[in-house]
Amino acid sequence: MMPDPLLNFVRAACLAALALVASASAMAQTAASPAASKPAGALPAAPATGLGLTPAGISFYQDLGGKAGIDAIVAEFVTILLNDKRINATFEGVEPERLRAKLAEQFCVVSGGPCTYTGKSMAESHEDLKINNAQFNALVENLQLALARRAVPARVQNRLLARLAPTQRDIVTR
Ligand code: HEM
């Protein structure tokens, strides 16, 4: 049975709030410096938390299948979202190649991979789109479907969703 995506997302968001202080600051940093090119592996190493947590090291990136795995996940994700009638009107006129490339960079960075995010900040790229929570949740469902189709383990799926959860506050504006 498919897990309730909303529930799953809420769970992922809680995970983020609980554990991933480092991820939140990393995303904030991404959002704050739109076109700034960061050197490879520029995600700050998480400080020792005393909670037995490890920073997003290269192993998370590898759990996603490295560059090839992330490219395949993103290709699947973009195909799904461009066919989702709930949200695809928002993507009219968007160059799919650029979207794929920027998402792949973003997923690479948030999973601790050796990449630089060269796209716009989440606030900047979404501010005019007037995105609501229902649209945000639809896109998260699409990402979950893509991850499942690429056979990414649930633990790794949730970890990626948790890493992306803090973007909601910059993306949802109504
Ligand atoms: C977890 C949630 C989301 C993430 C991580 C995300 C990530 C991104 C990224 C990395 C870009 C590329 C920015 C660039 O071109 O420099 C982008 C652009 C875009 N996103 Fe999102 N996004 C999310 C949610 C949404 C939602 C819910 C919608 C609409 C339903 C949306 C619509 C768009 C559109 C239309 C663009 C292209 C904007 C442009 O070309 O100016 N995004 N997003």
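Helices here are DSSP runs of H or I at least four residues in length, numbered from the N terminus. That numbering is used in every legend below, and the model is a predicted one.

**View 1. Arg 150, in the loop between helix 7 and helix 8.** Arg 150 sits in the loop that links helix 7 to helix 8 (154–164). Count the other C-beta atoms within 10 Å of Arg 150 and you get 18. Buried would take 20 or more and exposed 12 or fewer, so Arg 150 comes out as partly exposed. Leaving aside residues up to four places away in sequence, Arg 150 touches Ala 72, Ile 73 and Glu 76. Gly 69 is 81 residues away from Arg 150 along the chain, yet their C-alpha atoms are separated by 8.2 Å.

**View 2. Helix 7, from end to end.** This helix has 17 residues and runs 24 Å from its first C-alpha to its last, close to the 24 Å expected at 1.5 Å a residue. Which of its residues are buried? They are Leu 139, Val 140, Glu 141, Asn 142, Leu 143, Gln 144, Ala 146 and Leu 147. After helix 7 comes Ala 151, with a positive phi near 60°.

View 3. Helix 8 is mostly covered, with 8 of its 11 residues buried. The buried set is Gln 157, Asn 158, Arg 159, Leu 160, Leu 161, Ala 162, Arg 163 and Leu 164.

**View 4. The shell around the ligand.** The ligand is surrounded by 21 residues, and the closest are Lys 102, Gly 119, Lys 120, Ser 125 and Leu 139. Helix 5 (96–110), helix 6 (122–126) and helix 7 (133–149) are the elements that each give two or more residues to this shell. Which helix gives the most? Helix 5 does, with 5 residues. By type, the shell splits into 11 nonpolar, 7 polar and 3 charged residues.

**View 5. Stepping back to the chain.** Of its 174 residues, 30% are buried. Take the contacts between residues at least 6 apart in sequence, and 79% of them join residues at least 24 apart.

Methods. Residues numbered from 1 in each chain as written. Predicted model: local features only at pLDDT ≥ 70, side-chain atom pairs only at ≥ 80, totals over all residues. Near = placed C-beta within 6 Å. Nonpolar A, V, L, I, M, F, W, Y, C, P; charged D, E, K, R; others polar. Expected span 1.5 Å × (residues − 1). Contact = placed C-beta atoms within 7 Å.
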